[in-house]
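Welcome! Have a look at the sequence and the fold shown here, and then let us walk through them together.

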Amino acid sequence: MEEMSNSLMCSCELSGIKPVMVELPYPPVRVKNENLTYANLLSIDYCGAVSELTAIAQYINHENCLAASQCPMAKALLGMAISEMMHLQKLSELIVLLGGKVDYTAKLRNGDWRMWTPEYVHISSLTKQMLQDDLDAEQATIEQYRVHIGMIADDYINDILERIVKDEEYHVMMLQFLMNEV
């Protein structure tokens, strides 16, 4: 018993957290045909600087930083991370169907490629800055998806991307609310 009194414990219970997303189903994952150009575009959304993988890492970092002191906010960020994981999974399925590879490498239009790196993650010790970084990332993600939707002539893919954008827009709204709470 004495050992317990000398230990620290996080009182924020994070099990059972559900994804923070709009209550709409995702369209079936399918493509018209293989297309490496589209697969490469989606690889940027998957693991580029502005990507689902970056969002997951950033949300998890921020959740970890806030869990001990701001449990409700940490739970919201973890829920957003779980939603981003679902987006990552949808993108990986699309990339494979399009004939691409899921290898944590963003294939850029100029022929270059970039391996995902944690350097893409914005890390701050200030709650307000964490939320601002998350908000900026969500807005950049929405913009990037809109550009890619305009470049992809496959309604199956675009339907999934549009559905993902709805979640990202919901995250923007949630982050704006959280920022007002700080």
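Two residues are in contact when they have heavy atoms within 4.5 Å of each other. With that in hand, take Leu 77: leaving aside neighbours within four places in sequence, Leu 77 is in contact with Tyr 59, His 62, Glu 63, Leu 66, Leu 131, Asp 134, Leu 175 and Leu 178.

## About the model

This is a predicted model, in which local features need pLDDT of at least 70 and side-chain atom pairs count only at pLDDT 80 or more, while totals for chains, interfaces and linings use all residues. Residues are numbered from 1 along each chain as its sequence is written, and side-chain values use heavy atoms, with hydrogens and water left out.

## The overall picture

The chain has six helices and two strands. Both kinds of element are DSSP runs numbered from the N terminus: helices are H or I with at least four residues, strands are E with at least two. Along the sequence they follow the pattern α-α-α-α-β-β-α-α. Taken along the principal axes, the C-alpha atoms fill a box of roughly 65 × 30 × 30 Å.

Of the 182 residues in the chain, 48% are buried. Here buried means under 20% relative accessible area, exposed means over 50%, and partly exposed lies in between (1.4 Å probe, protein chains only). Among contacts with a separation of 6 or more, 80% are between residues 24 or more positions apart.

## The nonpolar core

A nonpolar core is a set of buried Ala, Val, Leu, Ile, Met, Phe, Trp, Tyr and Cys residues joined through side-chain atoms within 4.5 Å. The largest one has 52 residues, and Leu 77 is one of those with the most contacts inside it, a group that also includes Leu 42, Met 80 and Ile 157. Helix 2, helix 3 (52-66), helix 4, helix 5 and helix 6 (155-181) are the elements that give two or more residues to this core. Helix 4 gives the most, with eleven residues.

## Helix 2 and its surroundings

Helix 2 (residues 36-47) packs against helix 5 (residues 127-151) at an angle of about 175°, with the axes 11 Å apart. Axes are lines fitted to C-alpha atoms, for helices over the stretch in contact, and angles run from 0 to 180 degrees between N-to-C directions. Helix 2 brings Tyr 38, Leu 41, Ile 44 and Asp 45 to the contact, and helix 5 brings Gln 144, Tyr 145, His 148 and Met 151.

Ser 43 also sits in helix 2 and is buried, at 2% relative accessibility. Beyond its neighbours within four places in sequence, Ser 43 is in contact with Gly 48, Ile 95, Thr 105, Ala 106 and Lys 107.

## The disulfide

How many disulfides does a search of the whole structure find? There is one, where a disulfide is a pair of cysteine sulfur atoms within 2.5 Å. Cys 12 and Cys 71 form it, with sulfur atoms 2.1 Å apart. The pair links distant parts of the chain, 59 residues apart: Cys 12 is in the loop between helix 1 (2-5) and helix 2, and Cys 71 is in helix 4. Cys 12 is buried, with a relative accessible area of 8%.

## A residue with positive phi

Most residues other than glycine have a negative phi. Tyr 104, however, has a positive phi near 60°. Tyr 104 lies in the loop between helix 4 (71-97) and strand 1 (105-107), and is partly exposed at 41% relative accessible area.
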